[in-house]
Amino acid sequence: MQKSEALFTRAQKTIPGGVNSPVRAFKAVGGTPRFITKADGAYMWDADGKQYIDYIQSWGPMVLGHNNAKIREAVIEASYNGLSFGAPTEAEVIMAELVSEIVPSMEMVRMVNSGTEATMSAIRLARGYTGRDKIVKFEGCYHGHADSLLVKAGSGALTLGVPSSPGVPANVAEHTLTVEYNNIESVKEVFEAHGDDIACIIVEPVAGNMNCIPPVEGFLEGLRAVCDQYGSVLIFDEVMTGFRVSRGGAQERYNVKPDLTCLGKVIGGGMPVGCFGGRRDIITHIAPTGPIYQAGTLSGNPVAMAAGLAALTQIKEPGLYDSIFENTQALVDGFQSLANKHNISLTTNIAGSMFGIFFTEVEKVTNYKQAINCNTEQFNKFYHGMLEQGVYLAPASYEAGFVSKAHNADVIEKTLAAADKVFSTL
Ligand code: PLP
């Protein structure tokens with residue numbers, strides 16, 4: 001760990017907290033973040049040469065595994081022609097066509113550079129299109145760090161938004177109404193009170209930022225019905241679930257059609273790419289066809305498009321998702337039976353290749369309150385034990401885990417052997 005420790009000390013002198021995104025700093029679990037030098041398939045290596053099985057997968061993008069040869073070659077090839085033109089390219093057209101084909105509700109799409117940009121722009125579009133200011137989001141759902149989305153609930157289900165970060169003006173946050181995930185009644189109540197002022201509902205159709213919480217039966221259908229009743233826009237934030245919980249995302253898996261969809265992570269194959277899109281009659285309201293402004297110097301960047309196209313072409317491979325889902329199920333079942341063997345109270349959630357493990361006595365975790373009331377001390381011990389054994393989980397109990405094509409039976413078996421050892425020490 002010497003090299004990671006030295007780099008972390010050095011980093012903290014010029015980078016706030018030593019990291020460029022807070023969760024990387026290990027604050028929730030304590031200890032020193034590992035500085036990574038390379039990754040391949042299911043594995044990563046740190047600056048001290050230690051190998052890890054990686055279940056973060058760059059926080060979701062690497063559904064094909066790290067350092068995918070076709071993506072890497074596409075990036076190298078594209079780079080020979082220049083890194084950015086600030087003018088349209090054929091690759092952007094092919095990308096838009098491919099996204100529409102895989103996610104048919106996205107009749108038209110606009111490329112951006114991150115998930116945050118996608119959700120921020122989709123919200124502006126929904127507001128501009130409806131002429132309404134208020135938005136509804138769910139407690140524990142994360143949609144990136146735009147001002148109006150950095151808001152969580154107060155105590156009651158109908159609480160008007162309070163900013164969850166200094167720097168977010170109260171009069172911006174007050175337009176964000178926060179309700180309980182998987183509780184359709186709380187949504188109906190907020191619409192009864194404010195329905196005519198609500199531009200949109202934005203939701204993670206499988207919540208992946210309060211650990212992994214799939215939608216309960218009828219929840220997404222209920223959101224669709226409420227939006228239809230009040231003329232509000234339904235936005236699925238599929239930045240995490242897109243091309244992951246099924247090839248066509250959560251909307252395909254649960255068969256509910258949103259008006260707008262936000263994508264990120266997998267769509268860039270590891271490069272900084274996001275995208276939003278949906279109903280033609282809504283999205284044509286953005287510039288230059290409409291008055292709602294949205295733009296980006298590097299949007300649709302040719303090298304990023306090459307990476308994304310190489311990723312999306314490969315996810316069309318027949319049978320790919322079945323095999324990733326089987327391995328995810330084997331992993332989660334293995335965790336559960338080992339926890340039972342060691343008398344540890346643990347429950348799991350799974351949605352395709354996303355999974356969550358919860359140290360709790362609750363039988364099934366379906367909401368934010370249950371997720372935050374888990375035994376974080378036990379998770380932290382488990383986390384460090386697994387890290388020591390060479391298994392790299394997300395360094396916080398509120399994060400989902402990800403399985404890729406490269407996590408084969410052998411990798412899963414090694415992970416479970418490590419978990420068996422670590423559970424015995426808890
Ligand atoms: N939406 C969801 C569901 C996310 O999980 C994230 C990031 O983790 C974002 C939006 C923001 O994406 P980015 O970090 O690319 O800005």
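Leaving aside its neighbours within four places in sequence, which residues is Gly-17 in contact with?

Tutor: Residues are numbered from 1 along each chain as its sequence is written. The model is predicted: local features need pLDDT of at least 70, side-chain atom pairs count only at pLDDT 80 or more, and totals for chains, interfaces and linings use all residues.

With those neighbours set aside, Gly-17 is in contact with Gln-12, Pro-22 and Ala-25 (C-beta atoms, placed from the backbone, within 7 Å). Gly-17 belongs to the loop that joins α1 (2–14) to β1 (36–40); helices (H or I, at least four residues) and strands (E, at least two) are DSSP runs, numbered from the N terminus. Lys-27 is 10 residues from Gly-17 in sequence, and their C-alpha atoms are 9.4 Å apart in space.

Elsewhere, the ligand is surrounded by 16 residues, the closest being Ser-114, Gly-115, Thr-116, Gly-144 and Val-239 (C-beta atom, placed from the backbone, within 6 Å). Helix α4 (residues 115–130) gives the most to this shell, namely three residues. By class, the shell holds four nonpolar, 10 polar and two charged residues; Ala, Val, Leu, Ile, Met, Phe, Trp, Tyr, Cys and Pro count as nonpolar, Asp, Glu, Lys and Arg as charged, and the others, Gly among them, as polar.

Terms used: Contact = placed C-beta atoms within 7 Å.
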